[in-house]
Amino acid sequence: MAASSVFQSSPFSLHPQHKPTTPNPRFNHRYFPIKASSASDPSTNTSPPPTVLKHRRPADENIRDEARRQSYNHNNQGFSAKYVPFNADPSSTEFYSLDEIVYRSRSGGLLDVQHDMDALKRYDGQYWKSLFDSRVGKTTWPYGSGVWSKKEWVLPEIDSDDIVSAFEGNSNLFWAERFGKQFLGMSDLWVKHCGISHTGSFKDLGMTVLVSQVNRLRKMNRPVVGVGCASTGDTSAALSAYCASAGIPSIVFLPANRISMAQLVQPIANGAFVLSLDTDFDGCMQLIREVTSELPIYLANSLNSLRLEGQKTAAIEILQQFDWEVPDWVIIPGGNLGNIYAFYKGFQMCRELGLVDRIPRLVCAQASNANPLYLHYKSGWKDFKSIKANTTFASAIQIGDPVSIDRAVLAVKNSNGIVEEATEEELMDAMAQADSTGMFICPHTGVALTALIKLRNSGVIGPTDRTVVVSTAHGLKFTQSKIDYHSKEIPDMACRFANPPVQVKADFWSVMDVLKKYLLSKDSKY
């Protein structure tokens with residue numbers, strides 16, 4: 001995209017070499033060990049954690065040392081998880097330990113992480129809600145993380161000492177009051193800002209889990225030298241940051257000239273070995289799969305189901321922030337399509353374990369230029385066909401052959417969901433409208449907002465429906481697209497909500513004339 005004459009782009013370049021509720025208050029309780037109680041005890045599994053006076057740890061002890069000393073280890077509770085073929089027949093006996101390096105089933109299908117639900121069901125829904133709430137906002141390792149505060153539902157058998165975390169998650173659930181009222185006539189619209197995170201995207205939620213498991217495998221002397229991924233930007237940023245924190249080499253395959261400069265610089269700054277390849281994301285994905293089958297490089301793309309275990313905690317967190325009330329709709333941008341399944345899985349676990357009694361309807365929003373799931377949905381779920389994705393401002397979802405297509409179809413079907421699309425002009429206009437009400441969103445969130453606008457205008461989503469739009473990345477990663485829009489320099493796009501700077505001579509009366517006209521346009525009484 002061309003930079004405006006008004007704005008100066010960076011000279012840096014690299015070449016290949018049901019009503020609004022107050023969010024749940026912070027609990028003052030400390031984490032408490034899990035203890036099973038007799039079923040005959042009337043207070044079984046319903047009491048909140050006891051308040052424990054916490055003394056400051058010794059000066060020479062950090063929070064990891066403190067956790068090691070206190071030995072909060074849940075393995076003796078019998079919680080466990082394993083890999084199983086995705087959506088397998090109940091009679092299937094195929095499974096793998098999470099300590100095995102395996103990405104597909106024997107038939108070549110996707111894998112899923114299956115938890116021992118019988119063990120988790122020994123504790124009722126109220127117990128789990130109290131436990132999770134007791135960990136919010138704490139610095140106790142590793143439970144201060146929005147992901148690891150749900151450790152028993154994520155990687156129950158990993159030692160806390162192996163966890164690599166930046167206390168990710170716990171992201172803002174923003175009441176989009178003005179946007180909802182002004183543009184949609186809605187009173188209960190929320191935006192889950194997953195991009196307010198360590199590396200600026202929701203990918204941190206999954207990467208903390210994957211890199212923690214790799215850290216565990218390396219300590220077990222498994223053949224893992226480094227971790228690799230293909231990326232449209234955000235995955236590589238998360239992988240490189242978490243690997244750098246743990247001292248693990250990271251390898252990144254990026255499509256040349258197809259991601260933003262802000263996304264490109266993140267893995268470089270974090271010391272990743274970056275390969276800029278003359279292909280698109282799907283080509284990078286094919287290459288990384290071939291390479292990881294030959295070299296001791298652990299595959300970090302969402303083909304690896306471990307990441308989805310972290311991403312599902314965003315769904316649990318939404319329920320938690322609504323004081324365990326279920327929203328009516330959750331709208332999620334979709335590219336490689338792992339995230340919509342992760343949200344479905346998080347909501348479904350909460351229902352199965354008694355924390356809630358239903359799940360929200362899910363909407364997957366795709367860019368029209370990369371919309372294979374939308375086309376599949378509109379065909380009545382006939383045979384899926386991958387497509388050649390065209391360029392889109394929502395570059396992170398510019399994927400025509402999504403790995404998690406089967407996962408996404410299951411999530412949409414089982415949630416009575418919908419798939420919608422957004423043209424380039426629609427998503428950019430929606431992004432500009434949202435920004436004009438105080439947000440600063442990414443183009444992918446513009447795709448989700450466009451889906452919301454269409455469903456609201458058609459009457460599918462009602463004016464009082466509690467609706468959550470998932471914002472997947474921080475707007476600061478995509479400033480060039482905003483510059484191009486407000487400069488009106490995007491070919492064949494009207495940029496209806498552009499707000500370019502006004503050039504004015506540097507004298508008092510010129511400035512006064514311009515300001516009077518501006519104020520008059522805002523207030524006719526002036």
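**A buried arginine and an enclosed strand**

Good morning. I begin with Arg 456, which is buried but forms no salt bridge; its nearest side chain of opposite charge, that of Asp 465, lies 7.6 Å away. A salt bridge would require a side-chain nitrogen of Lys or Arg within 4 Å of a carboxyl oxygen of Asp or Glu. Please keep in mind that the model is predicted.

Where does Arg 456 sit? Its place is in helix α16, which covers residues 443-457. If we set aside neighbours within four places in sequence, Arg 456 contacts Leu 184, Gly 185 and Met 186, and also Ile 461, Gly 462 and Pro 463.

I now turn to strand β6, residues 250-255. Six of its six residues are buried, and the strand is therefore largely enclosed by the rest of the structure. Both of its faces are covered: one side carries the buried residues Ser 250, Val 252 and Leu 254, while Ile 251, Phe 253 and Pro 255 are buried on the other.

Which strands pair with β6? One of them is β5, residues 226-230, which pairs with β6 in the parallel sense over four bridges. Within this pairing, Val 227 has Ser 250 of β6 as its bridge partner. Together with helix α7, residues 234-246, strands β5 and β6 make up a right-handed β-α-β unit.

Strand β7, residues 273-277, also runs parallel to β6, and five bridges join the two. Here Ile 251 stands opposite Phe 273 of β7. From β6 the chain passes through helix α8, residues 261-269, to reach β7, and this β-α-β crossover is likewise right-handed.

Thank you for your attention.

How values were computed. Residues are numbered from 1 along each chain as its sequence is written. This is a predicted model: local features need pLDDT of at least 70, side-chain atom pairs count only at pLDDT 80 or more; totals for chains, interfaces and linings use all residues. Side-chain values use heavy atoms; hydrogens and water are left out. Buried means under 20% relative accessible area, exposed over 50%, partly exposed in between (1.4 Å probe, protein chains only). Lys and Arg count as positive and Asp and Glu as negative; His and the chain ends are not counted. Contact means heavy atoms within 4.5 Å. Two strands pair if DSSP finds at least two bridges between them. A crossover is right-handed if, with the strands pointing away from the viewer, the path from the first strand over the helix to the second runs clockwise.
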